[in-house]
Amino acid sequence: MEKKLYFFAYDITNNESDLLSVLRNIGDVCSCLTKGYFIYTEKTDDQIFDCVKSIFDNGNGRFVIMEVDKNKMNGWISTETIDWLKNI
């Protein structure tokens with residue numbers, strides 16, 4: 001299966017370290033914002049949802065997963081993130 005790039009943003013009240021461990025197990029991750037990561041993976045957005053949803057049960061926070069095209073984005077991010085995106 002072809003790898004895709006996703007943006008994952010979240011607001012969480014507990015278990016943030018558990019969330020970060022799960023994200024790292026999903027695929028290659030790059031922190032781009034305080035509460036936002038790029039994820040490069042073969043998984044679908046539904047599969048990513050299934051991996052993280054238990055962490056957000058019981059009102060523990062919110063999240064959004066979006067597939068992105070790295071050739072059609074604009075913003076102000078770190079040089080490290082730009083380099084990461086160029087190399088995936």
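Helices (at least four residues) and strands (at least two) are DSSP runs, numbered from the N terminus. The model discussed here is predicted.

Q: In what order do the elements of the protein chain run from the N terminus on?
A: The protein chain has three helices and four strands. Read from the N terminus on, their order is β-α-β-β-α-β-α.

Q: Why is the protein chain described as being as compact as a globular protein of that length?
A: The globule rule gives 12 Å for 88 residues. The protein chain is as compact as a globular protein of that length because its radius of gyration is close to that value, at 13 Å.

Q: Among contacts between residues at least 6 apart in sequence, what percentage join residues at least 24 apart?
A: A contact here means heavy atoms within 4.5 Å. Counting contacts in the protein chain between residues at least 6 apart in sequence, the share that joins residues at least 24 apart is 70%.

Q: Is T41 buried or exposed?
A: T41 lies in strand β3, which covers residues 36–41. Buried means under 20% relative accessible area. The relative accessible area of T41 is 3%, so T41 is buried.

Q: Which residue has the backbone oxygen that the side chain of T41 reaches at 2.8 Å?
A: Leaving aside neighbours within four places in sequence, T41 is in contact with E2, K3, K4, Y6, I26, G27 and I48. The backbone oxygen reached by the T41 side chain at 2.8 Å belongs to I26.

Q: How far apart are the mean positions of the positive and negative charges of the protein chain?
A: The protein chain has 10 positive and 14 negative charges. The distance between their mean positions is 2 Å.

How values were computed: Residues numbered from 1 in each chain as written. Predicted model: local features only at pLDDT ≥ 70, side-chain atom pairs only at ≥ 80, totals over all residues. Heavy atoms only, no water. Rg over C-alpha atoms; globule rule 2.2 N^0.38 Å. Lys, Arg positive; Asp, Glu negative; His and termini not counted. Charge placed at Lys NZ, Arg CZ, Asp CG, Glu CD. Buried < 20%, exposed > 50% of the residue type's maximum accessible area, 1.4 Å probe, protein only. Polar contact = N/O pair within 3.5 Å; in protein donor to acceptor, adjacent residues only side chain to side chain.
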